[in-house]
Amino acid sequence: MSLRSRRAQLLLVNSLTFGLEVCLAAGITYVPPLLLEVGVEEKFMTMVLGIGPVLGLLFVPLIGSASDHWRGSYGRRRPFIWLLCLGVLLSLFVIPHAGSLAGLCALNPRPLEIAFLIVGVGLLDFCGQVCFTPLEALLSDLFQEPDNCRQAFSVYAFMISLGGCVGYLLPAIDWAFLAPYLGGQQSCLFSLLALIFLACALATLFVAEEAARGDGAAGPAPRDAAPRPSLWCRCRRAPCALLPRLHGLYCRVPGVVRRLFVAELCSWMAVMTFMLFYTDFVGEGLYHGVPRARPGTEARRHYDEGVRMGSLGLFLQCITSIFFSTIMDWLVKHFGTRAVYLASVVFFPGLAFVMCLSRSVTVVTISAALTGFTFSALQILPYTLASLYHHEKQVFLHKYKRKEEEDAALQDKKSSFSKGLLSSQKLSYQNGHTGSLFSSSSSSSSSSPPSSSPPAVSSSALCVGSPCDVSLRMVVGEPELGAPGRGICLDLAILDSAFLLSQVVPSLFMGSIVQFTQSVTAYMVSAAGLGLVAIYFATKVVFDKGDMAKCSV
């Protein structure tokens, strides 16, 4: 019974949140030196680090939609969570053993070692980041009431920040006392990460099955549903509909979710521009170091000191985020979701401008630490808003609610028609009609009374419930018979796409901007500018029923 309590369920789900963030944070810290060590050039290293987010942009909405319409004895979310966890565990094995695996497969192992390392890094980034989407949906399903949902996502943000702290610290520890037994510092670190993550993933085995939301995707399949076809049939047909379905998932988004997505995208682009390049900004801008200087020189020593100070600033950001995650529920209850969300978005560009103008290491470090408020708010409030939209779907998603009812009525008609057709076919078989259903009227009249002959229909009518089409809808996320509706996991996937895209865009353009301006201060200026744009779009977000007039404009 203790495991079924609300608090236990919340901790069990968020233990995986902690494990995922530990692995991702440690990977961000440890993987770039590994890539440089095996011979990957710096300009290609950023491309390798972008593989995971790009793949996430392609697959996260498909996974979210498929999860919404999945039926199984383990619920809708956990099968996808476990599959992605396997990918994370596989990557934690491949990355430290890339050289050994390459040596087993080729005489010249260096190119294959690079290939294995790139695959491992991409797999860790992709599976680790995409796994958050069904995990967030599971939290939202278990805690559907707005107040409970906000508390759940406050714990979620707390565990992300705590996992980030642990993940940043683990690579800095000297594991010399364990390294001889586990094959060196690198293997020791990744073995420890694998053990932590495996323990956190196993905790989800004790999570209760999520409650149904009424979005058309719960429970076993109805007895009269069309049978599932073979895996080969699904795999052969799915690629043909992948791109159109992906386009539909991104374009056919409710107005309230679209506004939240744009605000999230601008806010995350501002925050990620700061986080991705902050250490370089401190090393070059404040400590006047040179990253390409030879090791041991004065310029390189200054840069390394700046990078360490920058890492301290990001660590303090995690600490600040932990603090605000613990009081976020109190802040929302006293000031409201709108005030807290807008304050967090307004706060960030102010801090970024301070970092642009100040040359004091202390002032810049304090400003970096305070950005944890914005980071915490972006981890909590957008997801609680999305849960609110689905909890009161008749208010915020009323157009889609009516569309679902119309689709359900249409599906019922098709199902009834198919049942009648099958009944007529069965009756004809029982009366001795083993020939074609579409035999001519003369042959029908000669072999049976007119009253027992089935109605004439077109061949397309017989395809409304074809097994291959039904399973194709499952693969690409379209609702089946008896499973209409837009699930919350799809909309959470859309919001997570904003976070993934926010990592790709700065990586593509910030290098050129800094090269053009010849100053790393351009990093903070860009972050502040994106923050100002985020303020505008944050004012367009729908926070309550009174804001619904915005979506009609």
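Rings of Phe, Tyr and Trp (its six-membered ring) pair if their centres lie within 6.5 Å; planes under 30 degrees apart count as stacked, over 60 as edge-to-face and the rest as tilted. With that in hand, welcome to the close-ups. This is a predicted model, in which local features need pLDDT of at least 70 and side-chain atom pairs count only at pLDDT 80 or more, while totals for chains, interfaces and linings use all residues. Residues are numbered from 1 along each chain as its sequence is written, and side-chain values use heavy atoms, leaving out hydrogens and water.

**View 1. An aromatic cluster.** Here F132, F153, Y156 and Y383 form one cluster. By the pairing rule, the count comes to 18 aromatic pairs. F153 and Y383 are stacked because their ring centres are 5.5 Å apart and their planes at 10°. Both are buried (under 20% relative accessible area; exposed is over 50%, partly exposed in between; 1.4 Å probe, protein chains only): F153 has 0% relative accessibility and Y383 has 3%.

**View 2. An edge-to-face pair.** The rings of W268 and F499 have centres 4.9 Å apart and planes at 75°, so they meet edge-to-face. W268 is buried at 2% relative accessibility, whereas F499 is partly exposed at 23%.

**View 3. Around L16.** Contact means heavy atoms within 4.5 Å. Setting aside neighbours within four places in sequence, L16 is in contact with I81, C85, C131, L135, F197, C200, A201 and T204.
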